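Biologist: I have a model open on my screen. Please show me how to read its features, one at a time.

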Amino acid sequence: MTTYDIARFKGITVAFYAVYNEQGAINTEAIRRLARYYAQSGVQGLYVGGSSGEGMLQSVEERKLVLEAVMAEVGSELTVIAHVGAPATQDSVALAIHAAAVGAHAVSAVPAIYYRLSPQSVEAHWQAIIDATNLPFIIYHIPQTTGFHLSTSLLTKMAEQDKVIGVKISAESTFELQQFKAAGGPDFLVLNGPDEQYLAGRSIGADGGIGGTYGVMPELFLKIEKCYQQGNMAEAQKWQFLVNECIVDLLSFPSLYGACKAILKLRGYDIGGPRLPLLPVTDNDAERIEALNRKIEDLIALATE
Ligand SMILES: CC(=O)N[C@@H]([C@@H](O)[C@H](O)[C@H](O)CO)[C@@H](O)CC(=O)C(=O)O
């Protein structure tokens, strides 16, 4: 049984987008505005510096700035998980120590990227991060980007430590999600990654989710969660299907994050485009972005009436 308060990590956690000014530098004022919007939307927490947060495209100093701005705005209201994954273990350790110093509630990390790593190597990378602070640790399993496939046996071994409180699983197999839940036990958090399968993930054992499309429609994921908790599966499924129509549209643009950022800009949150090599939307995409924004806003109005 873990000694950490895992309840605060359940529910809907928005994967926070990278926020830049016109020059492409970190925009702390706009970070705070966006974090405030999410706090007002009623979500449980923020996952900072992950895939949606473009953490891998930012320097260690920039990543610290982002987390500081988020903590200053909503650190006392929301659960903030700092993603500290980096190609070099020493950078991840420095980010973890910083996350603890500014009061983040947990750290999380992908395996170190670029080199083909053995399970022993990934374990040593994660262990260095875990040992660097007293914060709980959430494994980030996203094999489609890291190339590392986490086995149930390594997960089980990691989960024996009190500090390792859960896994965020962005792999698409809900069977794997269920196997991780079975391996970790009832006190081990399993957080759904593929937003298209939020309801499927919840139904098969996930305790909540962390997602990159939540940031343009947190209200819709809250709606699915509410229907699920009420036991109204037909209604939950209806909303998941509607959300999935929007996700399919979002994925049809030059980059998912470029599309999400363009949508937020239409709503008054100018957070810049994504950093290269991620592509922004172009002028040719403007009409389709506007139409998609209207569709999502109409759904949000319906879900929250
Ligand atoms: C592969 C991938 O990027 N998965 C995303 C999903 O939120 C994904 O964007 C969504 O399901 C649309 O396909 C998340 O699991 C990642 C995430 O939340 C993050 O770290 O930003």
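Modeller: Start with burial. A residue is buried if 20 or more other C-beta atoms lie within 10 Å of its own, exposed if 12 or fewer, and partly exposed in between, with C-beta atoms placed from the backbone. I210 has 29 C-beta neighbours inside 10 Å, so I210 counts as buried. This is a predicted model: local features need pLDDT of at least 70, side-chain atom pairs count only at pLDDT 80 or more, and totals for chains, interfaces and linings use all residues. Residues are numbered from 1 along each chain as its sequence is written.

Biologist: In which strand does I210 lie?

Modeller: Helices (H or I, at least four residues) and strands (E, at least two) are DSSP runs, numbered from the N terminus. I210 sits in strand β8, residues 208–211.

Biologist: Which residues does I210 touch?

Modeller: Two residues are in contact if their C-beta atoms, placed from the backbone, lie within 7 Å. Not counting residues up to four places away in sequence, I210 touches T13, A15, Y47, K168, L191 and G193.

Biologist: What feature does UniProt place at I210?

Modeller: An unreviewed UniProt entry puts a "binding site" there, at I210. UniProt positions are given in the numbering used here, feature names are shortened, and annotations may be inferred rather than shown by experiment.

Biologist: Which residues come nearest the ligand?

Modeller: A residue is near a molecule if its C-beta atom, placed from the backbone, lies within 6 Å of it. Of the 19 residues around the ligand, A15, G50, S52, G193 and G212 come nearest.

Biologist: How do I read a helix such as α3?

Modeller: Compare its span with the expected one, which is 1.5 Å times one less than its number of residues. Helix α3 (residues 89–101) has 13 residues. From first C-alpha to last, α3 reaches 18 Å, close to the 18 Å expected at 1.5 Å a residue. Its buried residues are S92, V93, L95, A96, H98 and A99. The buried residues of α3 pack against α2 (60–74), β3 (79–83), β4 (106–109) and α4 (119–132). Just after α3, G103 takes a positive phi of about 95°.

Biologist: Is α11 mostly covered or mostly exposed?

Modeller: Helix α11 (residues 256–266) is mostly covered, with eight of its 11 residues buried. Among them are Y257, C260, K261 and L264. The buried residues of α11 pack against α10 (233–250) and α12 (286–304). Just after α11, G268 takes a positive phi of about 95°.
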